[in-house]
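Dear colleague,

Please find below the structure that I am handing over to you. My notes on what was found in it follow directly after.

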Protein chains: 2
Amino acid sequence: MLTLFDYGPSANCLKVRILLRQLGIEHERVETDIFAGESRRDGYVAMNPAGRTPALLLDDGRAIAESSAILLYLAEGSAFLPTDRIELAHAQQWLFFEQNLLEPNVGTARFWRLTGRDEQRPEAWTQRRESGEDALGILDRYLADHDFLVDGRYSVADIGLYGYTHVAHEAGIDMAGYPSIGPWLARVESTEGFANDLQPYPANARL
Amino acid sequence: MLTLFDYGPSANCLKVRILLRQLGIEHERVETDIFAGESRRDGYVAMNPAGRTPALLLDDGRAIAESSAILLYLAEGSAFLPTDRIELAHAQQWLFFEQNLLEPNVGTARFWRLTGRDEQRPEAWTQRRESGEDALGILDRYLADHDFLVDGRYSVADIGLYGYTHVAHEAGIDMAGYPSIGPWLARVESTEGFANDLQPYPANARL
């Protein structure tokens, strides 16, 4: 059986939880508290050199890390991944965009704000938030005339972008400036079997 | 024939140039000056909603953007992409790690330093550089006992990580702290058909 090393407050982990549920894949879940150092131990780093969550342990003892790589792996052969080679590339394109421009900025700005670090490094926080707004602007303009990100259908690309976009307001970003994002979030949330169980950061996240 | 919209000083673009050359794929190259706004025009944004380089225009009029998505697309069926499903996931894992933790930090810190922005936002620059050092530390520890990133063989994962790692010193990072990275860069550079033609940023990059 698959084992997911998972951290409740991580929207990267949430993405994998959403897909596992929509695919109906039975799995074991191991809560991995990154703030207690659980993802920095030798055994964990052997699974994921970056020492972060999520990581997916397979039956043969090998593991896959990085949320988007896990999404692509799990979705293969399902309706959540395009089969056309170019549409598949477009799904990967959006997932890379998210991990490169949206998550490092919206995700980081949100985490710092929720844990009080925005006040410790206000200039760095502002810069991350502003770059996050750029990323959301790109997404919003695209969604103005697209129901979903790839080929008019819900796919892992939508799951990947949903993760941090649906909590971008927690990064101090005014979402009123992105009128096409709200309706798309609602379309994502109305897909069959969708459930959002993102948990709040615990008090000991204030490191 | 494929058309690559390419910007000489971008290490993301360099990755695609390296692979196209090693695959021996004939293509047209269109120099796209991002600082002259060429990637923000409507025609370009239709190819790449994010308005960045590189973008690859295909024969049927569709396009693929994000350097790592282009690498995965071009490498399919070649020796530069693993065929085993889990090894393929590992190549994607490293490419997502690079775009998420290495490029946004090492790449951004380097760009700001080369264009004088490090002095305008010193706290934000320092934070990007420090996070970049974290990413390089993860890579260095992995390379201490691996010749290449996936399955002991050169692949698109190595090309993806090479891009900004080989210029990380230009971000003000002391590479002496990462003893396994230099020998790996040399192994990458000695693969057949490898050529590095990264160009310096032009004077008008100082925006």
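In chain A, the centres of domain 1 and domain 2, taken over C-alpha atoms, are separated by 20 Å. Please keep in mind throughout that this is a predicted model. Domain 1 of chain A covers residues 2–79 + 195–205, and domain 2 covers 85–189.

The two domains of chain A touch through 14 residues of domain 1 and 12 residues of domain 2. On the domain 1 side, the elements that supply two or more residues are helix H1 (11–23) and helix H3 (67–75) of chain A. H1(A) gives the most to this side, with six residues. By class, the domain 1 side consists of 10 nonpolar residues, three polar and one charged.

Strand S1 (residues 2–6) of chain A runs parallel to strand S2 (residues 27–31) of chain A, and five bridges join them. One pair in this arrangement is Phe5(A) with its bridge partner Val30(A) in S2(A).

I turn next to the contact between the chains. Chain A and chain B each contribute 30 residues to it. On the side of chain A, two or more residues come from each of strand S4 (63–65), H3, helix H4 (85–114) and helix H6 (122–143). H4(A) gives the most, with 12 residues. This side of chain A comprises 17 nonpolar, seven polar and six charged residues.

Finally, helix H6 of chain B deserves a separate note. How far apart are the end C-alpha atoms of this helix, and what span should its 22 residues have? At 1.5 Å a residue, helix H6 (residues 122–143) of chain B should span 32 Å, and the end C-alpha atoms are 31 Å apart, so the two values agree. Buried residues in H6(B) include Trp125(B), Arg128(B), Arg129(B), Glu133(B), Leu136(B) and Leu139(B). Among the elements that cover the buried residues of H6(B) is H6 of chain A. From chain B itself, the cover includes helix H4 (85–114), helix H5 (117–120), helix H7 (156–165) and helix H8 (181–189).

With kind regards

Notes: Residues numbered from 1 in each chain as written. Chains lettered and ligands numbered in written order. Predicted model: local features only at pLDDT ≥ 70, side-chain atom pairs only at ≥ 80, totals over all residues. Domains from an automatic or database assignment. Contact = placed C-beta atoms within 7 Å. Helix = DSSP H or I, 4+ residues; strand = E, 2+ residues; numbered from the N terminus. Nonpolar A, V, L, I, M, F, W, Y, C, P; charged D, E, K, R; others polar. Expected span 1.5 Å × (residues − 1). Buried ≥ 20, exposed ≤ 12 C-beta atoms within 10 Å, placed from the backbone. Pairing = 2+ DSSP bridges.
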